Structure formats: structure tokens, C-alpha cells
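This report covers a single protein chain. Please view the sequence and the model together.

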Amino acid sequence: QVQLVESGGGLVQAGGSLRLSCAASGSIVNINAMGWYRQAPGKQRDLVAALTSGGSANLADSVKGRFTISRDNAKNTVSLQMSGLKPEDTAVYYCNADIQTYKGTNRRYWGQGTQVTVSS
């Protein structure tokens, strides 16, 4: 069984910073891409940032220059450093990871989500 556990959400004023972290645990053989999506009320879940095991990053245009994604492959963790936060960044943020397990499965797993609220 694989689990992704997120931490670090909260309430922050516009212009402030937050750091989200996500740790994967369980019967993990290998993790390919890890990343973050977000979903605002009434909207679809959209990619924020993703990072391959080799270090290739993909960031949404709306967060480039403000957010930074990083990962620790040895610890199976991924983090999202968010700066210059705007009210439109308010959403539930979900960690995900493409994981190969000892059972032979290879699929995307999701965390439970963490709320980020940016006040104006």
C-alpha cells in the first residue's frame, strides 16, 4: 500500500509565502514524476508543478517566477515553495506521484489535499 501525506497549507496574506511538503511511503520500488495540482471551488484540478526523477521541471505559467518545486529522491518527498502568493492561488493543493510498487503496479497516487488560502 502506498500513501502520500501532505503538510504545510494554511492562511497567508497576499505577497506572503508558504511551503508545502509531501512524503510518499509504502511498497515503493521507484517514483517517476512527483508534483502538485490545485483545485479551486467550482474549477477543475490543474497542474501547478511537476518534477521528474531526473530533475526536469514543468510549471504552470501562472506560477513561474513565484513557485519552486524540489524533491528528495532518497526520502521520496516533494516540496513546493510558494512566494508572492496571490488571492487567485487559493485552492486545495494535491500532491501526486507516479509510483511503481513491489506488487508490480505502476500508477499515479494522490494525497488527501491541503488547503491554501491567500487573503487580499
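Which residues does alanine 24 touch, not counting residues up to four places away in sequence? They are Gln3, Leu4, Ile31, Asn76 and Ile99. Contact here means heavy atoms within 4.5 Å.

Alanine 24 sits in strand 3. Its relative accessible area is 8%, so alanine 24 is buried. Buried means under 20% relative accessible area, with a 1.4 Å probe and protein chains only. Glutamate 6 lies 18 residues from alanine 24 in sequence. Their C-alpha atoms are 9.0 Å apart.

## Basis of the model

The model is predicted: local features need pLDDT of at least 70, side-chain atom pairs count only at pLDDT 80 or more, and totals for chains, interfaces and linings use all residues. Residues are numbered from 1 along each chain as its sequence is written, and side-chain values use heavy atoms, with hydrogens and water left out.

## Fold and dimensions

The protein has 11 strands and 0 helices. Both are DSSP runs numbered from the N terminus: helices are H or I with at least four residues, strands are E with at least two. Along the sequence the pattern reads β-β-β-β-β-β-β-β-β-β-β.

The radius of gyration is 14 Å, which agrees with the value near 14 Å for a compact globule of 120 residues. That radius is taken over C-alpha atoms, and the globule rule is 2.2 Å times the number of residues to the power 0.38. Along the principal axes, the C-alpha atoms fill a box of roughly 45 × 25 × 20 Å. Among contacts with a separation of 6 or more, 56% join residues 24 or more positions apart.

## Nonpolar core

Of the 120 residues, 41% count as buried. The largest nonpolar core has 31 residues. Such a core is a set of buried Ala, Val, Leu, Ile, Met, Phe, Trp, Tyr and Cys residues joined through side-chain atoms within 4.5 Å. Leu4, Trp36, Leu80, Met82, Tyr93 and Ile99 have the most contacts inside the core. Strand 9 gives the most to this core, with 5 residues.

Leucine 4 also reaches across the sequence. Beyond its neighbours within four places, its contacts include Cys22, Ala24, Cys95, Ile99, Tyr109 and Trp110.

## Charge

The protein carries 12 positive and 7 negative side chains. Lys and Arg count as positive, Asp and Glu as negative; His and the chain ends are not counted. The centres of the two sets lie 4 Å apart, with charges placed at NZ of Lys, CZ of Arg, CG of Asp or CD of Glu.

Methods. Buried means under 20% relative accessible area, exposed over 50%, partly exposed in between (1.4 Å probe, protein chains only).
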